[in-house]
Number of protein chains: 2
Amino acid sequence: MHEPYIAPRTPMRFDRAVRVVSAAAVGGKKEKEGPLGDFLDIYCEDEKLSEKTWENAESEMCRIALNTALSKASLTEKSVDYLIAGDLMNQCTGAAYGLLDFDIPYFGLYGACSTFAEAIILGSVLVSSGQANCVAVVVSSHFCTAERQYRFPLEYGSFSESTAQNTVTGAGAILLSKADFPSNVSTNVFVTEALPGIVFDRGIKDAANMGAAMSTAAADTILRYFETSGRDFRQFDRILTGDLGKEGHSIVSEMLEQKLSGISSRYTDCGILIYDTEKQDVGCGGSGCGCSALVTCGYLMHELACGKMNKCLLAGTGAMMSPQSLLQGMSIPAVAHLIAFERV
Amino acid sequence: MHEPYIAPRTPMRFDRAVRVVSAAAVGGKKEKEGPLGDFLDIYCEDEKLSEKTWENAESEMCRIALNTALSKASLTEKSVDYLIAGDLMNQCTGAAYGLLDFDIPYFGLYGACSTFAEAIILGSVLVSSGQANCVAVVVSSHFCTAERQYRFPLEYGSFSESTAQNTVTGAGAILLSKADFPSNVSTNVFVTEALPGIVFDRGIKDAANMGAAMSTAAADTILRYFETSGRDFRQFDRILTGDLGKEGHSIVSEMLEQKLSGISSRYTDCGILIYDTEKQDVGCGGSGCGCSALVTCGYLMHELACGKMNKCLLAGTGAMMSPQSLLQGMSIPAVAHLIAFERV
């Protein structure tokens, strides 16, 4: 009889095998007016982009984001081995239609708002294993498509709860390559580690309080990372969650502080950074796949590339319910996937 | 200036690095009554499984499928590094809720009905790269949840078109491990190659004729495999598409024959195999994530493990539209992901 194998639940390590070639952030009006607006590569003043539907506009943002990331690196689709993409729309049509123009083999993901981090993990595995030399990650969300799908069409004029968040309008794209990829332009930023998350259900049924629903998953992944990686949180300039907003951020801060005293001074949330939650009408902050994607592809990559930061952690958070599952009385399961970015 | 890298679009090769430990197929009444019914591990006579909703029943089938695959290999969740899962429901709630009980890090995918093949590719990359020793793939579909979501709730009593297919009710699970994984039970079947698909849009807008919409993607992936792998189609006992049904199968047969004369005698479709399309009321055949999963986890794995087959190809097909995108006048993009199974 064999002793059964016990999975260690420790981080994947990529060391210096997975380089960020380039990244692009495409955002709408509220995102441009927010504190990180200057880090957007493309700003869509018309959030419908002259398309007939909001859904087509979101698809168009995906296309623009990938084209911008490619052109920043002087590359074309021919240099990309695989596309990894997803969004919040039913059947992930934002990415599927938006990336149709690109003749690149396509992996579709659904991790709710954690899709960006999930895609970077799987992209990093493809690159570090040698199965790919260059992978493109693209995710998106759009306030108007998300309102129609998860709450009410905008035309109904409904009000939001105080704990509700504002779905980010935008798409982020990031190109990952092996370290010695032949590119004329590239960053000195690497994806060095990853810790995929376990799905938790805290029993919360309030879709207007997703930050709270996702907090257990976020805390579990971050704490597991520090328990198993041998890293000290003081090594990181910033530790970010994806889109918990103020409510979820304050819950996770407390949960982390109980185990790692002092960590909360380095811990923030993309949903808080992307908007001015005092002056902009965004409830508890930003949410959606676009939230962590825009903060990472715009702000974080800039700070890492220019040396203002050296090492940071992103725990992409996702709430895995559907409007139908909530109507059927189910609670909100959540997941958080962690990645470490490091300037080398 | 660097010469830009040109992605080769060739198959990934895993050789003997990715072993199928075990597989499990859970199906409903029509699947049990079909020609492959004897290969089901679990048969759910009550397709609602005493749950309150069809959606919960589908989730329960995911749970049962994974538990069955684990127990066939005398393993528990502790031995599984990662779960890779998906289904057709909005926000992939079949898998997310169904697999909540398992404390295993979770990657959610959305590749429509190609999700099973897509998950096996990414699982094989995780295992062959050494990032995982054991990965579980679980996918599902359910006639009643799919009718509600894509067409009409059953209670409306609507009729189907002649080219329509019947969504398979069932879940399939497969455990993949490195070659020398310490298991007391294992098969001698390996995932040896994979070719991820490119998304195509043939301009078809008829959701009752998905076989035709998916045919270009299926033919592209299969032909690209034979053009770039150096393999001869005569090496394979069977070449299967996932769920094209009779209509799509006949289109793809013609497309393949034009390039590879004689291939059609080896080419069939899981959607045709799973039902008796003459005697059962299933239109053009089966469809859904469960279709390729049940045929593979039940029938194919049995034939490969016992030596009735030695080598076969599965091109998992997926239609990437949503009901909303069709209402908005969009056509149906499709993808096909290919995997090679080999008895060693």
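Mentor: Glu193(B) and Arg13(B) form a salt bridge, with their closest N and O atoms 2.2 Å apart. Keep in mind that this is a predicted model. The pair links distant parts of the chain. Glu193(B) sits in strand β9 (residues 189–195) of chain B, and Arg13(B) sits in strand β1 (residues 12–13). They are 180 residues apart.

Arg13(B) is partly exposed, at 36%.

In chain A, salt bridges that share partners join Arg13(A), Glu193(A) and Arg231(A) into one network.

Lys311(A) belongs to strand β14 (residues 311–319) of chain A. It is buried, with a relative accessible area of 7%. Its side chain makes a polar contact of 3.1 Å with the side chain of Glu342(A).

Now the other salt bridges. The count over all chains is 22. One of them joins the side chains of Arg224(A) and Asp220(A), at 3.7 Å from N to O. Both residues lie in helix α6 (residues 210–229) of chain A. They are four residues apart, about one turn of the helix. Arg224(A) is buried at 9% relative accessible area. Asp220(A) is partly exposed at 23%.

Another salt bridge pairs Lys246(A) with Glu278(A), at 3.9 Å from N to O. Lys246(A) is in helix α7 (residues 245–259), while Glu278(A) is in the loop between α8 (270–273) and β13 (286–287), so the pair ties together parts that are 32 residues apart in sequence. Lys246(A) is partly exposed, with a relative accessible area of 33%. Glu278(A) is exposed, at 68%.

How many salt bridges run between chain B and chain A? The count is zero. Polar contacts are another matter: 38 residue pairs make them across this interface, both residues being at pLDDT 80 or more. Helix α4 (residues 115–128) of chain B gives the most to the side that touches chain A, with six residues. That side divides into 39 nonpolar, 24 polar and 12 charged residues.

In all, 75 residues of chain B contact 75 residues of chain A. The area buried between the chains is about 6,100 Å², and carbon and sulfur atoms give 58% of it. Tyr5(B), Gln91(B) and Tyr97(B) supply 13% of what chain B buries against chain A, more than any other three residues.

The symmetry is simple to state. A rotation of 180° with 0.0 Å of shift along its axis superposes chain B on chain A, at an RMSD of 0.0 Å. The two copies are therefore related as by a two-fold rotation axis. The same surface serves both: 100% of the contact residues of chain B recur in chain A. Leu109(B) comes closest to the axis of any residue in chain B, at 2.0 Å for its C-alpha.

Last, some backbone detail. Most residues other than glycine have a negative phi. Cys92(B) has a positive phi, near 45°. It lies in the loop between β4 (82–87) and α3 (93–98) of chain B. Cys92(B) is buried, at 4% relative accessibility. Ser74(A) also has a positive phi, about 55°. Its place is the loop between α2 (54–72) and β4 (82–87) of chain A.

How values were computed
Residues are numbered from 1 along each chain as its sequence is written. Chains are lettered from A and ligands numbered from 1 in the order in which they are written. This is a predicted model: local features need pLDDT of at least 70, side-chain atom pairs count only at pLDDT 80 or more; totals for chains, interfaces and linings use all residues. Side-chain values use heavy atoms; hydrogens and water are left out. Copies are superposed by least squares on the C-alpha atoms of residues with pLDDT of at least 70 in both. Contact means heavy atoms within 4.5 Å. Buried area is the accessible area (1.4 Å probe) that two parts lose on being put together, summed over both. A salt bridge is a side-chain nitrogen of Lys or Arg within 4 Å of a carboxyl oxygen of Asp or Glu. A polar contact is a pair of N or O atoms within 3.5 Å; within protein, one must be able to donate a hydrogen and the other to accept it, and residues adjacent in sequence count only if both atoms are side-chain atoms. Helices (H or I, at least four residues) and strands (E, at least two) are DSSP runs, numbered from the N terminus. Ala, Val, Leu, Ile, Met, Phe, Trp, Tyr, Cys and Pro count as nonpolar, Asp, Glu, Lys and Arg as charged, and the others, Gly among them, as polar. Buried means under 20% relative accessible area, exposed over 50%, partly exposed in between (1.4 Å probe, protein chains only).
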